[in-house]
Amino acid sequence: MSLTSAATLATLDRTGPRRITDLAVAEGVTQPAMTVLVRVMEESGLVERKGDPSDKRVTLVCLTEAGASYVRTRHQAGVDAYARLIDELTGDEVEALAAALPALLHLAELESHARQESDR
């Protein structure tokens, strides 16, 4: 799976159903490219298109259960990879990471807030 496909699935998991044009902006690709990408993911059973209840002219792209499962599996694989790497660190290095956690969490909050602002 391409990085753009995986990122699009993660965006849908994080933000919920989106218009193709919104997904294209969020992932930094053209609308025609996102349309093709959505079609491929739809054929793979990872996403589906549904009407927007607030505007019948609009179609939203939604994760299917298979798409949500893919995102969860990919996330867990990342967690497991980091856990294996952390096991390779010295005690002092693990302590340094633990001490840095509050700053890293704050950084993630700032990034999430900035992403939400840019999605508006």
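Analyst: The model is a predicted one. The axes of helix α1 (residues 3–15) and helix α4 (residues 65–86) come within 10 Å of one another and cross at roughly 105°.

User: What makes α1 and α4 roughly perpendicular to each other?

Analyst: The crossing angle is roughly 105°, and angles of 65 to 115 degrees count as roughly perpendicular. The pair α1 and α4 is therefore described in that way.

User: Which residues in α1 and α4 meet?

Analyst: From α1, the residues are Leu3, Ala6, Leu9, Ala10 and Asp13; their partners in α4 are Tyr70, Val71 and Arg74. Sorted by class, this contact of α1 with α4 has 6 nonpolar and 2 charged residues, and no polar ones.

User: Why are α2 and α3 called roughly perpendicular?

Analyst: Helix α2 (residues 20–27) and helix α3 (residues 31–43) have axes that come within 9 Å and cross at roughly 105°. The range for the term is 65 to 115 degrees, and α2 and α3 are therefore roughly perpendicular to each other. In their contact, Ile20, Thr21, Leu23, Ala24 and Glu27 of α2 meet Gln31, Met34, Thr35 and Val38 of α3. The residues of this contact divide into 5 nonpolar, 3 polar and 1 charged.

User: Does Thr64 count as buried or exposed, and what is the ground for the term?

Analyst: Thr64 has a relative accessibility of 16%. Buried means under 20%, so Thr64 counts as buried. Its place is in the loop between β2 (55–63) and α4. Leaving aside residues up to four places away in sequence, Thr64 touches Gly45, Leu46, Val47 and Glu48.

User: How is Gly51 classed, buried or exposed, and why?

Analyst: Gly51 lies in strand β1 (residues 47–52). Its relative accessibility is 54%, and exposed means over 50%; Gly51 therefore counts as exposed. The C-alpha atoms of Gly51 and Ser112 are separated by 27 Å, and the two residues are 61 residues apart along the chain.

User: Which domains does the domain assignment give, and what does UniProt place at residues 1–106?

Analyst: The assignment gives domain 1 (3–65) and domain 2 (90–119). Taken over C-alpha atoms, the centres of domain 1 and domain 2 are 28 Å apart. UniProt, in an unreviewed entry, places the feature "domain: HTH marR-type" at residues 1–106. That span is 68% helix and 14% strand, and its end C-alpha atoms lie 31 Å apart.

Note on methods:
Residues numbered from 1 in each chain as written. Predicted model: local features only at pLDDT ≥ 70, side-chain atom pairs only at ≥ 80, totals over all residues. Heavy atoms only, no water. Domains from an automatic or database assignment. UniProt positions renumbered as here; feature names shortened; annotations may be inferred. Helix = DSSP H or I, 4+ residues; strand = E, 2+ residues; numbered from the N terminus. Axes fitted to C-alpha atoms, helices over the stretch in contact; angles between N-to-C directions. Parallel < 35°, antiparallel > 145°, perpendicular 65-115°, else oblique. Contact = heavy atoms within 4.5 Å. Nonpolar A, V, L, I, M, F, W, Y, C, P; charged D, E, K, R; others polar. Buried < 20%, exposed > 50% of the residue type's maximum accessible area, 1.4 Å probe, protein only.
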